[in-house]
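My entries follow in the order I made them.

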Amino acid sequence: MSDPATLDEKVGHPSPERHKLAPWRQLISLLSPPLLFSGQILASFTTADSACTRDLAPGPALLIFNLLILAALVGVLVLSWCNAAAVRRERRSGLQELHDLGDGRTAFLTQFGFTMSALFAIASLVELVAILVLGACVGSAPSL
């Protein structure tokens, strides 16, 4: 059997470049896209629903709010891109055969954050286009 201390020295840490990024950058990249999009869905629905049931147009507030959320998501997307670029070359340190296994944990999390940010930004853009093209009160039932 191998000595655990010797094996640990040979394998190395699974995230050797973990100190290149501040933890808050990773947290923003991973947590804010779903939170922003959920907030956009909730606010858009409640604003449009309350205005449409009273036969009023939701007004520019709905459009402005959706544009602000989209801008915030694009900002998170840029932050996620910068995070991924900072640790792009991260590989697991240690034995050469481990280099074939893939990236370290920090690189994986930054790539996941970038992908998630991009998908939520696209979903937010689709919702904004739907509001612009279809209007906020399409399909609402007439009030009794």
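**Entry 1: L132 and its helix**

I looked up L132 and found it in helix α4, residues 105–134; helices (H or I, at least four residues) and strands (E, at least two) are DSSP runs, numbered from the N terminus. The model is predicted, so local features need pLDDT of at least 70 and side-chain atom pairs pLDDT 80 or more, while totals for chains, interfaces and linings use all residues. Residues are numbered from 1 along each chain as its sequence is written, and side-chain values use heavy atoms, with hydrogens and water left out.

L132 counts as exposed because its relative accessibility is 53%; exposed means over 50% relative accessible area, buried under 20%, and partly exposed in between (1.4 Å probe, protein chains only).

I then checked the surroundings of L132: L125, V129, L132, V133 and L134 form a nonpolar surface patch with about 480 Å² of accessible area together. Such a patch takes residues with over 30% relative accessible area and no salt bridge, nonpolar side chains being joined within 5 Å. A salt bridge is a side-chain nitrogen of Lys or Arg within 4 Å of a carboxyl oxygen of Asp or Glu. Areas come from the Shrake-Rupley method with a 1.4 Å probe.

**Entry 2: α4 as a whole**

I noted 30 residues in α4 and a reach of 43 Å from its first C-alpha to its last, close to the 44 Å expected at 1.5 Å a residue. The expected span is 1.5 Å times one less than the number of residues.

Which helices do the buried residues of α4 pack against? I found α2 (23–53) and α3 (60–86). Among the buried residues of α4 are T106, G113, M116, A121, L128 and I131.

L119 also lies in α4. I list L119 as exposed because its relative accessible area is 55%. L119 and P34 are 85 residues apart in sequence, and their C-alpha atoms are 9.9 Å apart in space.

**Entry 3: S32**

S32 is in helix α2. I list S32 as buried because its relative accessibility is 16%. Its side chain reaches the backbone oxygen of I28 at 2.5 Å. Leaving out residues up to four places away in sequence, S32 touches L27 and V76, a contact being heavy atoms within 4.5 Å.

**Entry 4: the whole protein**

I counted four helices and zero strands. Of the 144 residues, 28% count as buried. The protein exposes about 9200 Å², and carbon and sulfur atoms supply 70% of that area. Among contacts between residues at least 6 apart in sequence, 81% join residues at least 24 apart.

Definitions and conventions:
Patch = residues over 30% accessible without salt bridge, like charges linked within 9 Å, V, L, I, M, F, W, Y side chains within 5 Å. Polar contact = N/O pair within 3.5 Å; in protein donor to acceptor, adjacent residues only side chain to side chain.
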